[in-house]
Number of protein chains: 2
Amino acid sequence: MIAEKVMTTKEIANRLSELFKENKWDQAQDELFSPDARSIEPPHAVGLQSVQGMPAIKKKGADFNSMVEEMHGGWVGEPIVAGNHIAVTMGMDATMKGAGRLKMEEIALYEVKDGKIVSEQFFY
Amino acid sequence: MIAEKVMTTKEIANRLSELFKENKWDQAQDELFSPDARSIEPPHAVGLQSVQGMPAIKKKGADFNSMVEEMHGGWVGEPIVAGNHIAVTMGMDATMKGAGRLKMEEIALYEVKDGKIVSEQFFY
C-alpha cells in the first residue's frame, strides 16, 4: 500500500507561487490541478471562455499564448490563504496580435479540495 | 463647485483594512460602498443569500448578527490589490444560536468602480 500525502491548502499555495515565479504555468497545472478543475473568466472577458477539465484548460492556455505577439514582462505577488481558498495577484505586459500592447493586472482565486485545485477564477 | 477626490483601489484597500481591524464593519460600508453594491455568497451558503443594494446588505449583516450567540474572536489579514480588485483573508470564532461553535475562514474579494466598492464576494 502506498499512502499518498494530501497537500494542505497552504502547501499548495506555496508550491503554486514557486512555480508561477519560475514561469512554470503548465507544471503548476500538471502537479496541482484536479483533472476536472474549472477555469472561470469574468463575464466581460474577450477571447477567453470559462471551461472545465484539464484538456479544455490546456487548450485555453494554448489559445491565449497564440494571441500573444510578444511578452514584455510579468509578475506574481505573494499568495494569501484562508480555509480552502488561495488568492494571488499577477500582472503582465504583452503585445497582443492585432490588438496592440496590453498591460493588465488581476487577482486569481483558487479553490482546493482533497489536496487538489478544483477551480481557478480570474478577477480583472 | 466641489470636486470630490475619487479614491484609488489601493486607497480603498487600505481604508477597508483599517476599518475592519477596528471592527467598524458598518462604517466601512457607509464610507466605501456604492449604494447599489452586490454582496455575493457561495452557492452552499447556509442562512445567507446574495443580495444587491445597501439596504439589503445592511439587513444581511443584521440577520447574521442576530444568528450569533457569542463572538469569541476574529481576525483580518493584509489586503492584496490588482487592478480594480482587492482580496483579503478573514476569520471568526463564534457560537451560533442553536448551531454550536463555528470557526471559519474566508477570502473576501472586492470590486471597485469609480472609487467605490461595487461588489463583495465571499469564498469559504
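Reader: Strand 3 of chain A, residues 68-76: how many of the nine are buried?
Author: Zero of the nine residues are buried, so strand 3 of chain A lies largely in the open. Keep in mind that this is a predicted model.

Reader: Which strand does strand 3 of chain A pair with, and in what sense?
Author: Strand 5 of chain A. The two run in the antiparallel sense, with seven bridges between them.

Reader: What is the bridge partner of A:Val68 there?
Author: A:Met96, in strand 5 of chain A.

Reader: New topic. How many residues does each chain put into the contact?
Author: Chain A gives 17 residues and chain B gives 17 residues.

Reader: Which strands of chain A supply at least two residues each to that side?
Author: Strand 4 (80-82), strand 5 (85-96) and strand 6 (100-113). Strand 5 of chain A is also the pairing partner of strand 3.

Reader: And by class, what is on the side of chain A that touches chain B?
Author: Ten nonpolar residues, five polar and two charged.

Reader: Why say the copies meet through the same surface?
Author: Because 100% of the interface residues of chain A are interface residues in chain B too.

Methods
Residues are numbered from 1 along each chain as its sequence is written. Chains are lettered from A and ligands numbered from 1 in the order in which they are written. This is a predicted model: local features need pLDDT of at least 70, side-chain atom pairs count only at pLDDT 80 or more; totals for chains, interfaces and linings use all residues. Two residues are in contact if their C-beta atoms, placed from the backbone, lie within 7 Å. Helices (H or I, at least four residues) and strands (E, at least two) are DSSP runs, numbered from the N terminus. Ala, Val, Leu, Ile, Met, Phe, Trp, Tyr, Cys and Pro count as nonpolar, Asp, Glu, Lys and Arg as charged, and the others, Gly among them, as polar. A residue is buried if 20 or more other C-beta atoms lie within 10 Å of its own, exposed if 12 or fewer, and partly exposed in between; C-beta atoms are placed from the backbone. Two strands pair if DSSP finds at least two bridges between them.
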